[in-house]
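Grab a pencil and work through these exercises with the model open beside you. Try each task before you read its solution.

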Amino acid sequence: MTTRLFIIAVSPGIALALGIYLTDRYDKEPTSLLLKAFILGALSVIPTAFVEGILQRFNIFSGVFAAAYTAFIVAGFTEEFFKRAVVLKTAYHHEAFDEKLDGIVYATFAALGFATVENVMYVVFRFATNPYVGLYRGILSVPAHMLFGITMGYYLSLSKFAMHEGIRKNYLRKSLLLPVILHGIFDFILMSKIPILMIFLVPFVIYLWVINLRRLNEYTHESRSIYKNMKNKKEPLE
């Protein structure tokens, strides 16, 4: 039973990471660096849980305000902060980070590493007796982490390749702020226990998929253009 639950828990994160890896087909990232981002993303659950425990002690609110504090500050800010820290420490300054698509690849690998361990904690341990938790989290929660990662990586790349320092810092701030906001909204809808808000969950998830697939396609097309230009320049020399 535990083995089956473990497989159910880890499969979504690994499958989505593989999907992102296959999307980056023109200038593959070093496997060792991708694994490092994924593993450190997974390990970031430890400091995240520690900080979340401290922040939750300051939750002096009640009702909707308590849910908002937990969604945006305890969960949203803390989780996205540590996931972004993994990318900044491992890949952001690495020579392999040489095109905009790379930011999305590394950020999603860190995010999916985190999401995979978090999913194991929920599916295998906390809600082992509920067969629907694995299904729900595999469809919603784990992909949501990937989508927040795409947003993060999109702005990390804009920051990385910005020509001016002020613009670079602005995009760097957005690489944290916007994932926090999206993460907070997602969690708040689920935590608020306001039935009418659940009406907005599916449209919001669709919105997340639409805007982030556009970002992914934008950088994938740019990567393909760079690859074709480099190939055309080499051909006359051959």
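**Exercise 1. Start with the side chains of E80 and K83: what joins them, and are they buried or exposed?**

Step 1. E80 and K83 meet through their side chains in a salt bridge, at 2.9 Å from N to O. (The rule: a side-chain nitrogen of Lys or Arg within 4 Å of a carboxyl oxygen of Asp or Glu.)

Step 2. Both residues sit in helix α4, three residues apart, which is about one turn of the helix. Helices here are DSSP runs of H or I with at least four residues, numbered from the N terminus.

Step 3. E80 has a relative accessible area of 0%, so it is buried; K83, at 1%, is buried too. (Buried means under 20% relative accessible area, exposed over 50%, partly exposed in between, with a 1.4 Å probe and protein chains only.)

A word on what you're looking at: this is a predicted model, where local features need pLDDT of at least 70 and side-chain atom pairs count only at pLDDT 80 or more, while totals for chains, interfaces and linings use all residues. Residues are numbered from 1 along each chain as its sequence is written, and side-chain values use heavy atoms, with hydrogens and water left out.

**Exercise 2. Which residues lie nearest the centre of the largest pocket, and what classes make up its lining?**

Step 1. On a 1 Å grid over the protein atoms alone, a pocket is an open set of points with protein on both sides within 12 Å along at least five of seven lines; a cavity is a set where a 1.4 Å probe fits but cannot get out; lining residues have an atom within 4 Å of a point.

Step 2. The largest pocket has a volume of about 650 Å³, the volume being the space filled by probe spheres set on the points, which are joined across faces, edges and corners.

Step 3. Its lining has 28 residues, with E118, Y122, R126, R137 and M191 nearest the centre. Helix α6 gives the largest share, seven residues.

Step 4. By class, the lining has 15 nonpolar, seven polar and six charged residues. (Ala, Val, Leu, Ile, Met, Phe, Trp, Tyr, Cys and Pro count as nonpolar, Asp, Glu, Lys and Arg as charged, and the others, Gly among them, as polar.)

**Exercise 3. Which residues line the largest cavity, and which helix gives the most?**

Step 1. The search finds one cavity of 30 Å³ or more.

Step 2. I139, L140, P143, A144, L147, F186, V205, L208 and W209 line the largest cavity.

Step 3. Helix α6 gives the most, with five residues.

Step 4. The lining divides into nine nonpolar, no polar and no charged residues.

Terms used
Helix = DSSP H or I, 4+ residues; strand = E, 2+ residues; numbered from the N terminus.
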